[in-house]
Amino acid sequence: MKTVQEYMNDPRLLNDPGLMDAPESVKEVHAIRLMLQDRRVNMTPEERRADIQKRSDSFLAGCGISPHYVSFPGQGKLKPRQPVTQ
């Protein structure tokens, strides 16, 4: 897999006239976007979901956050409840 620095030298960025005078940070954002596009171009929706889940879990773990996932039995349909009166 190519690094962000390798994408900074990608012809798609180097040949873009709109990026020629752009700040380095803008070029880096575009390089990261190209990297993500190339990574996901041949992914199935399930593979993409798994990739996003893996990266988000990794990010949350790095922040010391343990996510709590919710399961909705019954295909995710919530049952209406009666309002509580006091």
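Starting at the N terminus, the elements of the chain follow the order α-α-α-α. In total there are four helices and zero strands; both are DSSP runs numbered from the N terminus, with helices being H or I of at least four residues and strands E of at least two.

Before you click around, note that this is a predicted model, in which local features need pLDDT of at least 70 and side-chain atom pairs count only at pLDDT 80 or more, while totals for chains, interfaces and linings use all residues. Residues are numbered from 1 along each chain as its sequence is written, and side-chain values use heavy atoms, with hydrogens and water left out.

**Whole chain.** Colour by pLDDT, the predictor's confidence in each residue from 0 to 100. The chain has a mean of 86, and 92% of its residues reach 70 or more. Where pLDDT is low, the predicted coordinates should not be read in detail.

Now zoom out. The C-alpha trace spans about 65 × 30 × 25 Å along its principal axes. Its radius of gyration is 21 Å, whereas a compact globule of 86 residues would have one near 12 Å; the radius is taken over C-alpha atoms, and the globule rule is 2.2 Å times the number of residues to the power 0.38. Buried residues are 12% of the 86, where buried means under 20% relative accessible area, exposed over 50% and partly exposed in between (1.4 Å probe, protein chains only).

**Stop one: aspartate 10.** Select the loop between helix H1 (4–8) and helix H2 (11–14), where aspartate 10 sits. Aspartate 10 counts as buried because its relative accessibility is 6%.

**Stop two: valine 29.** Move to helix H3 (residues 24–40) and pick valine 29. Valine 29 is partly exposed, with a relative accessible area of 47%. Its C-alpha atom lies 9.3 Å from that of valine 4, 25 residues away along the chain.

**Stop three: aspartate 51.** Finish in helix H4 with aspartate 51, which is buried at 11% relative accessibility. Show its partners too: beyond neighbours within four places in sequence, aspartate 51 is in contact (heavy atoms within 4.5 Å) with Arg39, Arg40 and Met43.
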